[in-house]
Structures are given as C-alpha cells and as structure tokens.
Amino acid sequence: MIRTRILAATLGALAALAFAAPALAQTGADSGIRSGQQMLDQCSSTKAADIAACEAFLTGAHNSFIYLQDIGQTDKDICVPPGTTPAALRQVAVDYWRANPASRKFSAVSSFWNALVARFPAPCA
C-alpha cells in the first residue's frame, strides 16, 4: 500500500515536471507538443526567461527518462554523469538539434532522448 502511494506520488511529481515546464515555455496559441525546432529556438535564445524555460523543460524530461530507466521501461539506457547541470543538458540538446536538422521536426522530448543516448550511452564508465 505504501509502495503504491509512493509510486503514485512519484508519477504525479514527474507529470508535473514534464508538463508544467513546457506549459510555461509556451506562449499565445502555441499549446501543443513542443518540436525540436521550437525548443532549439528557445534554448538558443539570448533571453534569460527562454533559457530558464528551456532548462526546466529539459530537466523535467531528463528526470522522466531516469525514472523510466529505473523501472526498466526504456530500450536503451543513458548514463548522464552525476552533477550534470541544466545548462550542460541544454548544450547537449542544442548541439544535437544543430547537428541533426531532421530531428527538429519530431517532439522535443523524443529528440532530446536521442541526444542523451548519443552523448551519454550506458553503461557508465
């Protein structure tokens, strides 16, 4: 019973991270799933608010990936070094989107996953 409550609380927190950050990052009529291109534009911005929203989005996505990995729900594992900052995650994403223009048409979450798999493949060294 306690385990179920913990799982429910964890899922709720992850949902909040995964959905709150993108919602904050969106403006105007743009209320759909964020594309890699939209996130590249935001993550490459010089505006502090855009950078903060980008990093919040990517951190939420990263935490969700780790949770899914922890419960065995991923086909590939990632090994992001402890202490990796949101700014470092942003750089990984931006570098990936710039180097892989075709990935920008897909959801930001799925293309960010591919960026992490490419940059931080498991097993950990």
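Numbering the bonded cysteines of the chain in sequence order gives the pairing 1-2, 3-4. A search of the whole structure finds 2 disulfides, a disulfide being a pair of cysteine sulfur atoms within 2.5 Å. The model is predicted: local features need pLDDT of at least 70, side-chain atom pairs count only at pLDDT 80 or more, and totals for chains, interfaces and linings use all residues. Residues are numbered from 1 along each chain as its sequence is written, and side-chain values use heavy atoms, with hydrogens and water left out.

**View A. The disulfide of Cys43 and Cys54**. The sulfur atoms of Cys43 and Cys54 are 1.9 Å apart. The torsion about their S-S bond is about 95°, so the disulfide is right-handed. The pair links distant parts of the chain, 11 residues apart: Cys43 is in helix H2 (residues 36-43) and Cys54 in helix H3 (residues 48-70). Helices (H or I, at least four residues) are DSSP runs, numbered from the N terminus. Both Cys43 and Cys54 are buried (buried means under 20% relative accessible area, exposed over 50%, partly exposed in between; 1.4 Å probe, protein chains only).

**View B. The disulfide of Cys79 and Cys124**. Here the sulfur atoms are 1.5 Å apart. The S-S torsion of Cys79 and Cys124 is about 120°, so this disulfide is right-handed. Cys79 lies in the loop between H3 and helix H4 (86-99) and Cys124 in the segment after helix H5 (108-119), so the pair ties together parts that are 45 residues apart in sequence. Cys79 counts as buried at 14% relative accessibility, whereas Cys124 is exposed, with a relative accessible area of 52%.

**View C. The contact of H3 with H4**. The axes of H3 and H4 come within 9 Å and cross at roughly 90°; axes are lines fitted to C-alpha atoms, for helices over the stretch in contact, and angles run from 0 to 180 degrees between N-to-C directions. The two helices, H3 and H4, are therefore roughly perpendicular to each other (65 to 115 degrees). Ile51, Cys54, Glu55, Leu58, Thr59 and His62 of H3 meet Pro86, Ala87, Leu89, Arg90, Ala93 and Trp97 of H4, contact meaning heavy atoms within 4.5 Å. The residues of this contact divide into 8 nonpolar, 2 polar and 2 charged (Ala, Val, Leu, Ile, Met, Phe, Trp, Tyr, Cys and Pro count as nonpolar, Asp, Glu, Lys and Arg as charged, and the others, Gly among them, as polar).

**View D. H3 and Gly72**. Just after H3, Gly72 takes a positive phi of about 75°.

Methods:
Angles under 35 degrees count as roughly parallel, over 145 as roughly antiparallel, 65 to 115 as roughly perpendicular and the rest as oblique.
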